Amino acid sequence: MNSERGRQQGAERKVAPCYVPSEERTGRRTREQRQAERERRQLQAEIEKSALEWQQTFDAIESPLLILDPRGRIIKSNDAVARMTRHAHPEMIGRTLADLSACPLWRKAGEVVDQAREQHAVASAQIQDPSCGRTWDLVANPAMIPATGEERVILVIRDVTRMVELQASLHRSQTMSLLGALISGVAHEVRNPLFGISSTLDAFEARFDVREEHEPYISVLRGEVERLNHLMKDLLDYGRPLSHQLTDGSIAEAVARAVQACLPLARQAEVEIVNRVPTNLPQIRMDSKRLPQAFLNLLENAIQHSPHGGKVTIAGEIVRQHDAHGIVVLRVEDDGVGFHAEDLPHLFEPFFTRRRGGTGLGLSIVQKIVEAHEGTVSARNRPEGGAVVEMRFPATDIGP
């Protein structure tokens, strides 16, 4: 009997419930909720921090960078794209590249993106944009998001204008050096026979009475000899090395000498030369014998392409840069028909000309002289008509 009572008491002890007050259970749940909320907020902060760092890195890239969906629509773009297109980020989302601008750059970029999407491989191209004078490298790289399998195209646009210019300058310098050595030798060899022909014509006219019917032939011979002599002079000028002993000098005085030398040609062509180069321009490092020849060539070229009664203007100014250095800018302008658009990339190439009887070396000599003075030269058409050639030289001192 005692054993039966003991078993009953033991069973009662085993099934007795563990009592936890309701206040304690509520407190435990509250602590767990608070801990979960803290962890959620911490995770959210980490996500936001990572997103901000990624966006800042994305925007810090100097090259325009875009992410596009499989339909070629913009998902993401960095600040460089916004600066280039002048569109805010929200305005670009969901638009195609062609929607950003009608300029050739974005049309070509759309073609590169389409090629990358269709071929599922990296596509690239290079384009020169005449509207801004820049050269761009375009690279489109297809990508996939592993978690979702969604396709993307990453487009990178790099401004390679300076690199292309340096490569072209190096190639041009090498070509000019080889051409200069070759044509100098040829010019020296040709000048002697030309001198002999000219002397023979002089002796022929002095020895024999030239009949009237012979005069047209003599005139043609003299004209051709004169033309060849002019060509030989240009060839020798092109091949002649420039002095490396540059000294500080007044660019205004060099321009004045060139203008004075061009006055007879201007009067003959009935063209007015207007000199608007200030006499107080800063000095530049120059070869005082060769630099005026560059101005002379440009003025002669402008006069030859101006109509009777036209005007050729040479103007100058100083442009201050952010690094406190200055650039002396000279422009030679005319009111002729201007350059052919297709000729602009070739104007400074040796022997390129559309003028009958021209040697095609005038602008090449100008470029060679200007670059020897650490300057640059470029050509374009004026909106109001006519042509303009611009030269830029580093100033030695622009004052406070």
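# Helix packing and selected residues

In this predicted model, Ile251, Ala254, Val255, Arg257, Ala258, Val259, Ala261, Cys262, Leu265, Ala266 and Ala269 of helix α9 meet Pro292, Phe295, Leu296, Leu299, Glu300 and Ile303 of helix α10, where contact means heavy atoms within 4.5 Å. The residues of this contact divide into 15 nonpolar, no polar and 2 charged; Ala, Val, Leu, Ile, Met, Phe, Trp, Tyr, Cys and Pro count as nonpolar, Asp, Glu, Lys and Arg as charged, and the others, Gly among them, as polar. Residues are numbered from 1 along each chain as its sequence is written, and side-chain values use heavy atoms, with hydrogens and water left out. Because the model is predicted, local features need pLDDT of at least 70 and side-chain atom pairs count only at pLDDT 80 or more, while totals for chains, interfaces and linings use all residues.

**The pair α9 and α10**

- The axes of α9 (residues 251–269) and α10, which are lines fitted to C-alpha atoms over the stretch in contact, come within 8 Å and cross at roughly 30°.
- That angle makes α9 roughly parallel to α10, a word used for angles under 35 degrees between N-to-C directions, on a scale that runs from 0 to 180 degrees.

- Gln293 is found in α10 (residues 291–304), helices being DSSP runs of H or I with at least four residues, and strands being runs of E with at least two.
- Gln293 is buried, with a relative accessible area of 13%, where buried means under 20%, exposed over 50% and partly exposed in between, using a 1.4 Å probe and protein chains only.
- Not counting residues up to four places away in sequence, Gln293 touches Asp237, Ile365 and Ile369; Ile365 and Ile369 are among the buried residues of α11.
- Helix α11 (residues 362–372) is largely enclosed by the rest of the structure, because 8 of its 11 residues are buried.
- After α11 comes Glu374, whose phi is positive, near 60°.

- Asn78, in the loop between β2 (74–77) and α3 (79–85), is buried with a relative accessible area of 0%, and its side chain reaches the backbone oxygen of Ser63 at 3.0 Å.
- Thr200, in helix α7 (residues 161–207), is exposed with a relative accessible area of 53%, and its side chain reaches the backbone oxygen of Gly196 at 2.7 Å.

Notes: Parallel < 35°, antiparallel > 145°, perpendicular 65-115°, else oblique. Polar contact = N/O pair within 3.5 Å; in protein donor to acceptor, adjacent residues only side chain to side chain.
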